[in-house]
Amino acid sequence: MITRILPFLWLFHGIIANAALVAPIQPSSRLPTTSEPGDQSFLAILAIHRKGDHPKPTPFTIDTGATLPLYPCSKPTLANTSFTLSTTTGPPVVLRKIQVACAPVRIAGLGPAESALHAQLARAAGLPLTFSYCLPSAGYGALFFGATSYRFGASGRGFKILKLGLSRLRASSGFYSARVASIELGGVRIALDRDALFGTHRRYTALPDASYRALRDRLVAQSNVSRANARFGALDLCYRIDSAAAMESLPTIRLAFAGGFVWEIGAANYLVPTREPGLFCVGIVNGGEDSTPAIGTFQQQDHVLEFNLAKKTLGISKSLVGMGGNCADLLTPMVN
């Protein structure tokens with residue numbers, strides 16, 4: 001699969017017109033144990049090469065808080081290297097003199113800084129200052145650098161174009177955030193009116209104490225499946241679910257953003273499967289009194305999130321799984 005996505009057959013140096021750079025994403029191997037939910041990260045498969053070597057697909061942990069790409073190298077501080085990336089409209093391209101910090105880990109730093117990987121790639125390729133990702137619940141996902149139309153689907157059935165709901169994006173103090181006015185569940189509105197953090201910082205969404213307790217109470221009242229006397233690490237609201245129909249019967253959580261956009265989060269994006277068959281726990285935790293809300297990667301899975309720093313907007317798609325697809329479908333137009 002990766003070798004099809006990264007066909008390093010022809011290299012082009014220069015500006016990319018009407019295209020974006022793209023790399024596949026896969027989940028890390030840090031999976032849940034029998035008793036604790038996993039602090040799972042996501043890996044972007046980037047082709048890096050130095051000193052005339054052929055490009056080698058290499059996993060980098062995606063980190064929206066890191067302000068530099070990190071890579072093992074011999075120099076004590078900073079080094080220049082080259083990346084080869086596929087494009088959405090044509091052959092791969094080589095982007096040279098990308099600065100990395102020498103470290104014993106590989107990190108794709110996507111924080112709000114001019115030294116971050118997406119900012120360096122944008123300057124090198126003449127692209128808009130935008131990156132986006134679709135974190136997969138299974139299989140492969142996609143990481144884009146630059147603005148693009150998100151086409152997905154098998155070529156024989158025709159492609160769909162994803163539409164993104166937009167909210168105003170804030171980038172400061174090493175974090176990305178957007179204003180969430182309220183949380184809605186079963187017709188009940190829970191006021192929030194706080195900037196919520198978006199990115200790869202947390203696996204599960206954390207809410208301030210009062211908002212968490214109100215949401216938990218509504219979930220208990222609205223859910224028509226059996227509660228389980230169990231917990232999964234910090235997740236202590238659990239259910240016994242024995243069918244897809246039971247899962248689909250659970251309520252949808254709606255995040256209402258300042259400006260009017262409403263993001264719908266279905267049960268598949270808030271119920272975490274455990275190693276015990278049929279046991280699911282709500283992947284939302286109490287962040288503490290007056291804490292900053294943070295949206296977890298579990299809730300973001302199978303959605304496209306676009307961080308458009310040029311226009312200062314955060315775009316969020318509907319669930320690709322809910323539309324009959326998955327994150328890997330975004331890569332299909334580039335390998336057919």
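**View A. The left-handed link of C73 and C102.** The link of C73 and C102 is left-handed, with -115° about the S-S bond. It connects distant parts of the chain, 29 residues apart: C73 sits in the loop between β4 (70-71) and β5 (78-87), and C102 in strand β6 (residues 93-102). Helices (H or I, at least four residues) and strands (E, at least two) are DSSP runs, numbered from the N terminus. The sulfur atoms of C73 and C102 are 1.9 Å apart and form a disulfide, that is, a pair of cysteine sulfur atoms within 2.5 Å. C102 counts as buried because its relative accessibility is 16%; buried means under 20% relative accessible area, exposed over 50%, and partly exposed in between (1.4 Å probe, protein chains only). The model is predicted: local features need pLDDT of at least 70, side-chain atom pairs count only at pLDDT 80 or more, and totals for chains, interfaces and linings use all residues. Residues are numbered from 1 along each chain as its sequence is written, and side-chain values use heavy atoms, with hydrogens and water left out.

**View B. The disulfide of C134 and C327.** C134 is joined to C327 by a disulfide, S to S 2.0 Å. This pair links distant parts of the chain, 193 residues apart, with C134 in strand β8 (residues 130-134) and C327 in the segment after β25 (313-316). The link of C134 and C327 is left-handed, with -70° about the S-S bond. C134 and C327 are both buried.

**View C. The right-handed disulfide of C238 and C281.** The torsion about the S-S bond of C238 and C281 is about 100°, so this disulfide is right-handed. Strand β18 (residues 238-240) holds C238 and strand β22 (residues 279-282) holds C281; the pair links distant parts of the chain, 43 residues apart. The S to S distance for C238 and C281 is 2.0 Å, and both residues are buried. A search of the whole structure finds three disulfides. With the bonded cysteines numbered in sequence order, the pairing is 1-2, 3-6, 4-5.

**View D. The largest nonpolar core.** This core has 69 residues, of which F198, Y270 and L271 touch the most other members. Domain 1 (21-160 + 324-331) and domain 2 (164-308) both give residues to the core, so it lies between them. A nonpolar core is a set of buried Ala, Val, Leu, Ile, Met, Phe, Trp, Tyr and Cys residues joined through side-chain atoms within 4.5 Å; domain bounds come from an automatic or database domain assignment.
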